[in-house]
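Work through the following exercises with the sequence and the structure at hand. Each task is followed by a solution in steps.

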Amino acid sequence: MLMTPAPSPFKPQSASERLMLPVDVPTVEEARALIRATEGVVGVYKIGMELQFAGGLDLARQLADEGHKIFLDVKLHDIDNTIFSAVRNVAKMGVRFMTIHAYPKTMRAAVKALEEDNIDHLCLLGVTVLTSMDDDDLHDAGYRGRVAELVGTRAEDARAAGMGGIVCSPHEAAAMRPILGKGMVMVTPGVRPAGSSADDQKRVMTPGDAIRAGSDYVVIGRPISRARDPRAAAEAIVAEIDAAL
């Protein structure tokens, strides 16, 4: 039987706090410009692989020191000892969220690092199935069954491991909330405002619909970062989130 998680300190309180913006740009200078343009509207800045390999790790430390909430999207998956040590080091950076691939052993090693060091400022998120993948992609990768089934299994594993939350498509959000309970955080990429391009995402939903489905945080990148006025684009999304609460 799964234990009921305690209420999470990482739950967002306002509409603005629920918006996560990926800073998927080639340079730190461009990242800083995007952050300046959206500061005060965006709740969390997500630093992914593109920027990590161009000075993004140092930037994450600096932004955390400046008081920004940072989501380090590293999607770790390795042997237990490596995961344990990596999570310890990431925690020292002061970031708010980080991702671990939702394999049971990997998640247990990550949670152990937090528990042994009494770390309470870092939320570990289990990545279930990437939102760029559909059933056919899973089958090509050697998995049986459907995306929704695998997401459910990994959500159960994340809860059993003691993770802070999961990352999943908004299309799975409504079904995942009973599995996660109220205590765990649910982060949903693959969110696009009505009328915008899906780009490389295959399982997408509007911000309002994602929130109504049970998402705590929505990850929205290119509709903001590539907009003529990123701040106005972010403000419009926050207004849609607020209307859905």
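**Exercise 1.** With which residue does E116 form a salt bridge, and how far apart are the closest N and O atoms?

Solution. The model is a predicted one.
- Step 1: The partner of E116 is K112, and the closest N and O atoms are 3.9 Å apart.
- Step 2: A salt bridge needs a side-chain nitrogen of Lys or Arg within 4 Å of a carboxyl oxygen of Asp or Glu, so the cut-off to apply here is 4 Å.
- Step 3: E116 and K112 are four residues apart in helix α4, which means that about one helical turn separates them.
- Step 4: E116 has a relative accessible area of 47% and is partly exposed; K112, with 42%, is partly exposed as well.

**Exercise 2.** Find the N to O distance in the salt bridge between R231 and E235, and locate the pair.

Solution. 
- Step 1: The side chains of R231 and E235 meet at 3.7 Å, N to O.
- Step 2: Both residues belong to helix α10, residues 230-244. They are four residues apart there, so about one helical turn lies between them.
- Step 3: R231 is partly exposed at 31% relative accessible area, and E235 is partly exposed at 41%.

**Exercise 3.** State how many salt bridges the structure holds, then describe the one between D117 and R88.

Solution. 
- Step 1: The count is 12 salt bridges.
- Step 2: In the pair D117 and R88, the closest N and O atoms are 2.9 Å apart.
- Step 3: This pair links distant parts of the chain, since D117 is in the loop between α4 and β5 while R88 is in helix α3, residues 80-92. The two are 29 residues apart.
- Step 4: D117 is partly exposed, with 34% relative accessible area, and R88 is partly exposed, with 29%.

**Exercise 4.** How many disulfides does the structure have, and why?

Solution. 
- Step 1: A disulfide is a covalent bond between the sulfur atoms of two cysteines.
- Step 2: The cut-off for the pair of sulfur atoms is 2.5 Å.
- Step 3: The cysteine sulfur closest to that of C123 is in C168, 13 Å away, which is too far for a bond. Starting from C168 instead, the closest cysteine sulfur is that of C123, again at 13 Å.
- Step 4: The count is therefore zero disulfides.
- Step 5: C123 is buried at 1% relative accessibility, and C168 is buried at 0%.

**Exercise 5.** Give the phi angles of K75 and N118, and say where each residue lies.

Solution. 
- Step 1: K75 is not a glycine, yet its phi is positive, at about 50°. Its place is in strand β3, residues 69-76.
- Step 2: N118, also a residue other than glycine, has a positive phi near 50°. It is in the loop between α4 (104-116) and β5 (123-127).
- Step 3: K75 has a relative accessible area of 24% and is partly exposed, whereas N118, with 67%, is exposed.

**Exercise 6.** Which residues gather in a patch of negative charge on the surface?

Solution. 
- Step 1: The patch consists of D24, E29, E30 and E50.
- Step 2: E50 is in helix α2, residues 49-65.
- Step 3: A patch residue needs over 30% relative accessible area. E50 has 42% and is partly exposed.

Notes. Residues numbered from 1 in each chain as written. Predicted model: local features only at pLDDT ≥ 70, side-chain atom pairs only at ≥ 80, totals over all residues. Heavy atoms only, no water. Patch = residues over 30% accessible without salt bridge, like charges linked within 9 Å, V, L, I, M, F, W, Y side chains within 5 Å. Areas by Shrake-Rupley, 256 points an atom, 1.4 Å probe, with all protein chains shown as cover. Lys, Arg positive; Asp, Glu negative; His and termini not counted. Charge placed at Lys NZ, Arg CZ, Asp CG, Glu CD. Buried < 20%, exposed > 50% of the residue type's maximum accessible area, 1.4 Å probe, protein only.
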